[in-house]
Amino acid sequence: MTLKSKFNKSDLRSAYKLLVVCPSLAVTDTLAKGLVMSAAVIVTLLIAVVTVSAVKRLISPGIKYPVCLAITAFSASLTELLVKICLPSAADALGVYLPVLAVSCIVVLKLEAALETPVVRALEDAVVTGGEFLVLMLGASFVRELFGKGTLACGFDGSGGIEVFKNAPLPILALPAGILMLAAFGTAVIKAFEKAKAKGGNR
């Protein structure tokens with residue numbers, strides 16, 4: 001059974017979108033952290049897809065999931081080292097969420113697909129998925145920073161930035177509970193859109 005088959009088909013898109021970003025959503029309180037985290041996920045995804053594509057003929061079906069997890073852990077560790085070297089302040093701000101990429105659902109799902117598709121198509125899929133992830137992360141970061149902090153373009157530590165509101169309109173969005181509310185709202189919007197589209201198609 002594949003990981004995707006564990007979701008109900010009608011709820012696959014909204015559940016998938018929420019699931020793949022859940023660990024990373026915690027760091028979307030500023031655009032700077034959201035951007036670096038998105039870049040880290042994309043780099044991890046590309047390294048993992050290239051690696052699994054290179055060795056997939058050597059992987060027997062019975063051990064493909066442990067191998068995918070090992071490759072994901074290797075890719076995440078390499079990405080974490082790159083971030084620490086290039087952007088040490090960002091690495092400090094992201095903290096444990098960089099190593100958590102080792103068990104990222106988005107990477108594992110794409111590796112599963114890469115095992116069954118040509119390398120070029122797997123890379124294209126990884127780039128598209130990474131782009132979607134980037135849009136989701138930046139959208140969440142923009143809303144949380146603007147309405148939760150009242151600023152834009154803060155540093156990795158949350159200082160500085162451009163003051164848009166003297167008092168943040170929704171300070172709860174800057175808290176961990178705020179991102180859960182935002183994620184739930186986004187999922188509800190996606191499901192409502194899908195239902196409306198389905199009703200329109202049945203007419």
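Modeller: A crossing is called right-handed if the near helix is turned clockwise from the far one by less than a right angle, and left-handed if anticlockwise. In this predicted model, the crossing of H2 and H3 is right-handed.

Colleague: What makes up the contact of H2 with H3, by class of residue?

Modeller: Among the residues of H2 that meet H3 are Val36, Ala40, Val43 and Ile47, and H3 brings residues including Ile71, Phe74, Leu78 and Leu82. The contact divides into 13 nonpolar and 5 polar residues, with no charged ones.

Colleague: Why are H2 and H5 described as roughly parallel, rather than oblique?

Modeller: Helix H2 (residues 31-55) and helix H5 (residues 105-114) have axes that come within 9 Å and cross at roughly 25°. Angles under 35 degrees count as roughly parallel, so that is the term for H2 and H5. Their crossing is right-handed. On the H2 side, the contact involves Val41, Thr44, Leu45, Ala48, Val49, Val52 and Ser53; on the H5 side, Ile106, Val107, Lys110, Leu111 and Ala114. By class, these are 9 nonpolar, 2 polar and 1 charged.

Colleague: What makes H5 mostly covered?

Modeller: Of the 10 residues of H5, 8 are buried. They include Val108, Leu109 and Glu112.

Colleague: How do you know that Lys33 is buried rather than exposed?

Modeller: Buried means under 20% relative accessible area. Lys33 has 11%, so Lys33 counts as buried. This residue lies in helix H2 and touches Val27, Ala93, Leu94 and Phe156, leaving aside residues up to four places away in sequence. The C-alpha atom of Lys33 is 6.9 Å from that of Ala90, although 57 residues separate the two along the chain.

Colleague: What makes the pairing of Lys33 and Asp29 a polar contact?

Modeller: The cut-off for a pair of N or O atoms is 3.5 Å. The side chains of Lys33 and Asp29 are joined at 3.0 Å, so the pair qualifies.

Colleague: Why is Ser38 called buried?

Modeller: Ser38, also found in helix H2, has a relative accessible area of 0%. That is under the 20% limit, so Ser38 is buried. Phe133, Leu134 and Met137 touch Ser38, again not counting residues up to four places away in sequence.

Terms used:
Residues are numbered from 1 along each chain as its sequence is written. This is a predicted model: local features need pLDDT of at least 70, side-chain atom pairs count only at pLDDT 80 or more; totals for chains, interfaces and linings use all residues. Side-chain values use heavy atoms; hydrogens and water are left out. Axes are lines fitted to C-alpha atoms, for helices over the stretch in contact, and angles run from 0 to 180 degrees between N-to-C directions. Helices (H or I, at least four residues) and strands (E, at least two) are DSSP runs, numbered from the N terminus. Angles under 35 degrees count as roughly parallel, over 145 as roughly antiparallel, 65 to 115 as roughly perpendicular and the rest as oblique. Contact means heavy atoms within 4.5 Å. Ala, Val, Leu, Ile, Met, Phe, Trp, Tyr, Cys and Pro count as nonpolar, Asp, Glu, Lys and Arg as charged, and the others, Gly among them, as polar. Buried means under 20% relative accessible area, exposed over 50%, partly exposed in between (1.4 Å probe, protein chains only). A polar contact is a pair of N or O atoms within 3.5 Å; within protein, one must be able to donate a hydrogen and the other to accept it, and residues adjacent in sequence count only if both atoms are side-chain atoms.
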